[in-house]
Amino acid sequence: MASELIYRGPESQPIPDSYHPKPHKPWLSVIRPLRYLLREQRIVFLLAGIAIASIIFAFSPSSRSGELRYTNNAIYDSNLPTESTQSSVAHRMVYQNRVGLGSFNSGGKIPLGLKRKGLRIVVTGGAGFVGSHLVDRLIARGDSVIVVDNFFTGRKENVMHHFGNSRFELIRHDVVEPLLLETNVVGTLNMLGLAKRVGARFLLTSTSEVYGDPLEHPQKETYWGNVNPIGVRSCYDEGKRTAETLTMDYHRGAGVEVRIARIFNTYGPRMCIDDGRVVSNFVAQALRKEPLTVYGDGKQTRSFQFVSDLVEGLMRLMEGEHVGPFNLGNPGEFTMLELAKVVQETIDPNAQIEHRPNTEDDPHKRKPDISRAKELLGWEPKVALRKGLPMMVQDFRQRIFGDQKEDSSKVSTA
């Protein structure tokens with residue numbers, strides 16, 4: 001017999017007189033969810049999940065509100081360290097935020113086990129003195145780096161140890177080639193334009209030369225300087241001052257996020273041997289058994305910071321919240337004669353000192369006040385001159401005498 005579905009509506013099913021509806025049970029809305037949780041140990045898994053999540057968020061490092069997160073691309077420009085009257089190329093560093101990814105958070109915490117995502121970074125001037133040390137730091141922390149350098153003062157040997165690394169690429173190119181110029185003003189203008197177009201953060205590494213021959217000692221960031229605008233050093237001094245002006249104009253007028261560092265004398269491995277700076281001059285002359293050239297009476301003062309201290313300061317400034325400017329330098333002050341004595345103690349106690357007429361507009365004193373960097377960046381130099389100089393001497397000795405051996409071998413085979 002076939003099955004048949006029959007609909008019995010309310011009219012076909014009379015309710016007997018003895019029917020009474022069941023009383024309402026309000027507690028069922030509470031009991032039923034509890035029964036569901038208790039069935040098959042669901043409550044155990046729920047509590048375990050809550051406990052694990054609480055532990056993860058309790059021990060994860062917190063991020064301050066407004067702190068820059070590593071979810072961005074970066075462009076660094078560190079063509080030459082400052083304090084050189086021969087160079088007019090600015091140092092610039094730009095962070096470009098990735099489209100669709102926020103660079104700031106609102107105080108949330110990162111779960112344990114999640115690593116910082118590496119940046120894709122372009123470093124212009126990355127084969128130079130400061131730039132190559134910056135590249136080392138970035139590669140070491142897991143970033144992918146593209147170095148762009150025209151090798152005007154940079155050296156391929158400074159970055160050769162990264163060859164073969166899949167996260168490193170080297171391109172020979174001049175970033176100011178479209179205008180066929182090499183000035184810190186035009187270079188800064190180009191990078192500011194890039195920062196404006198892509199909404200990037202921009203870092204200008206200026207110089208203590210903006211203070212000129214200072215009448216204030218030590219120099220604070222609020223000091224406006226004492227510069228001869230038509231002197232032999234003015235092309236560099238005023239060029240850097242103009243670069244700072246452009247940077248602040250783009251910040252105020254176009255809303256570009258900027259940072260400004262004023263770098264004092266810096267030394268360390270990979271400096272150009274014959275770049276004319278006082279530390280490299282003294283070290284190279286002492287190694288070559290030449291007299292140490294002191295201009296004037298040698299009583300003019302400078303402050304010398306090791307390159308690793310500078311790189312740390314630049315990174316803290318770029319990733320911090322303050323525009324600046326910030327003095328980045330070592331407040332330890334030395335006369336030129338005192339510096340010559342330290343070089344003699346480190347290399348050759350018998351090295352002679354030769355005095356020559358002083359150069360025009362040579363600053364008499366130079367010493368940074370770094371109170372602002374200490375307070376707002378938590379930065380101060382760690383490497384003393386007598387500790388850092390031997391590391392530079394070792395590098396210079398290898399390059400000077402290694403080059404001599406290479407030259408002599410070429411002559412003998414010719």
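Figure 1. The chain has 10 helices and 14 strands. These are DSSP runs, numbered from the N terminus: helices are H or I with at least four residues, strands are E with at least two. The accessible surface is about 22,700 Å², from the Shrake-Rupley method with a 1.4 Å probe; for residues, only the protein chains shown count as cover. Carbon and sulfur atoms hold 56% of that surface.

**Figure 2. Glu216 and its surroundings.** Glu216 sits in the loop between strand E6 (201-207) and helix H5 (234-254). Its relative accessibility is 27%, so Glu216 counts as partly exposed. A polar atom of the Glu216 side chain lies 3.1 Å from the backbone nitrogen of Lys220. Lys367 is 151 residues away from Glu216 along the chain, yet their C-alpha atoms are 9.7 Å apart.

**Figure 3. Leu47 in helix H2.** Leu47 belongs to helix H2 (residues 42-59). Leu47 counts as exposed because its relative accessibility is 53%.

**Notes on the model.** Residues are numbered from 1 along each chain as its sequence is written, and side-chain values use heavy atoms, with hydrogens and water left out. The model is predicted: local features need pLDDT of at least 70, side-chain atom pairs count only at pLDDT 80 or more, and totals for chains, interfaces and linings use all residues.

Methods. Buried means under 20% relative accessible area, exposed over 50%, partly exposed in between (1.4 Å probe, protein chains only). A polar contact is a pair of N or O atoms within 3.5 Å; within protein, one must be able to donate a hydrogen and the other to accept it, and residues adjacent in sequence count only if both atoms are side-chain atoms.
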